[in-house]
Amino acid sequence: MNIPTLTTPRLTLRPFTEADAEPLHRILNEGGILRYFPRPEPPDLARVERLIAGQLRHWEEHGLGWWAVELRSTGELLGWNGLQYLPDTEEVEVGYLLSRRHWGQGLATEGAQAALRFGVETLRLGSIVGIVHPENIASQRVLAKAGLTFINEADYFGMHVRRYVTTADRLGEYHISTDRARLDVGFIHDFLTNASYWAQGRPLTVTQKALSNSLCFGVYRGTEQVGLTRVVTDCATFAWVCDVFISEAHRGHGLGKWLIERVVTHPDLRGLRQLLLVTRDAHELYRRYGGFDGLPVPEKWMIRRKQ
């Protein structure tokens, strides 16, 4: 494919070539540069050549990949930056590696932001993850400055890592809106009363009142609503996530995980001390993509039920 070239104020992100193997090999053999990677041992030249060839194939197969990163003022190769498809989790990861001589100048953040814009604006990816070793504080700062939000700790590539996410309003032909005026109340009420297991028989007046007093995330294809999450919150300390669904005809497109990631990274919710929800059978979805877990001290929680 025709791999695009991106520019930032200080960087050029361009396709790799065979001539990049030797300078990249020197960078990857700098002391400790791969300390937090799954394979921390310095590679030989043949492995670097395979890495470059593999990235060119990755672009062909997935329409995204790593760019060679150059300093615009000198043309010096600094390392790599870009997007990687993770088949095990069906996610796209933003990643970067720069020569130690260029650390601490904001270049990794600058390159990561360019890669993220390409993923969101050109590829219309709904979410992009950042995976970082828990001890790699500098890389965690890069991800945060680039606009990603810490979600949870998880296992990737045989390592325990911290997982960051950035989300967009669009995923392919679908989009999310929090505009309450766009909600299709008839569609929502029909699903809740006839297809959900938690709201059978809920009166229409209750549905209307609940929607009008909640932060609502509607999922749409064009003007057609196909899903919802409703959040009851004070936007300061607490939120209750409820009425989460994607209509059956639109499942299988990753909309559920995208919706949950969009909720937990929303500016009004990502700083809250507690987000709660109840689920009968989707624990792993909420755990992996939303960072939810079981109550740490359930004996402290109480509930008053309607008699």
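Residues are numbered from 1 along each chain as its sequence is written, and side-chain values use heavy atoms, with hydrogens and water left out. Because the model is predicted, local features need pLDDT of at least 70 and side-chain atom pairs count only at pLDDT 80 or more, whereas totals for chains, interfaces and linings use all residues.

## Sheet and flanking helices

Helices (H or I, at least four residues) and strands (E, at least two) are DSSP runs, numbered from the N terminus. Six strands form an open sheet in the order 9-10-11-12-13-14, with mixed pairing; two strands are taken to pair if DSSP finds at least two bridges between them. Strand 9 (170-171) and strand 14 (274-276) are the edge strands, each pairing on one side only. Within the sheet, strand 11 and strand 12 are antiparallel and pair over seven bridges, and Y220 stands opposite Q225 in strand 12.

Helix 6 comprises residues 204-212, and its buried residues are T207, A210 and L211, where buried means under 20% relative accessible area, exposed over 50% and partly exposed in between, using a 1.4 Å probe and protein chains only. Viewed down the axis of helix 6, these buried residues fall within an arc of 95 degrees, so they line one face of the helix; the arc is that of the directions from the helix axis to the C-beta atoms. T205 and K209, on the other side of helix 6, are exposed. The buried residues of helix 6 pack against helix 5 (185-194), strand 11 (215-221) and strand 12 (224-233), with contact defined as heavy atoms within 4.5 Å.

In helix 5, the buried residues are I188, H189, F191, L192 and T193. The elements that cover these buried residues of helix 5 include helix 6, strand 12 and strand 13 (238-246).

R14 has its place in strand 2 (residues 11-14) and is buried, with a relative accessible area of 15%. The side chains of R14 and D20 are joined by a polar contact of 2.7 Å; such a contact is a pair of N or O atoms within 3.5 Å, of which, within protein, one must be able to donate a hydrogen and the other to accept it, and residues adjacent in sequence count only if both atoms are side-chain atoms. Not counting residues up to four places away in sequence, R14 touches T5, D20, W67, A68, E70 and L77.

V94, found in strand 5 (residues 91-98), is buried at a relative accessible area of 3%. Its contacts, leaving aside neighbours within four places in sequence, are with G82, L83, A112, A115, L116, I128, V129, G130, L143 and L148. The C-alpha atoms of V94 and F191 are separated by 36 Å, and the two residues are 97 residues apart along the chain.

T7 lies in strand 1 (residues 6-7) and counts as exposed, at 52% relative accessibility. Leaving aside neighbours within four places in sequence, T7 is in contact with T12 and R72. T7 and V161 are 154 residues apart in sequence and 30 Å apart in space, C-alpha to C-alpha.

## Aromatic pairs and charges over rings

Rings of Phe, Tyr and Trp (its six-membered ring) pair if their centres lie within 6.5 Å, and planes under 30 degrees apart count as stacked, over 60 as edge-to-face and the rest as tilted. By this rule the count comes to eleven aromatic pairs, two of which are set out below.

| Pair | Geometry | Centre to centre | Angle between planes |
|---|---|---|---|
| W66 and W80 | stacked | 3.7 Å | 5 degrees |
| Y197 and W198 | edge-to-face | 5.1 Å | 85 degrees |

A charge sits over a ring if NZ of Lys or CZ of Arg is within 6 Å of the ring centre and within 35 degrees of the ring normal. R162 lies over the face of F150, at 3.8 Å from the ring centre, and R182 lies over the face of Y220, at 4.3 Å from the ring centre.
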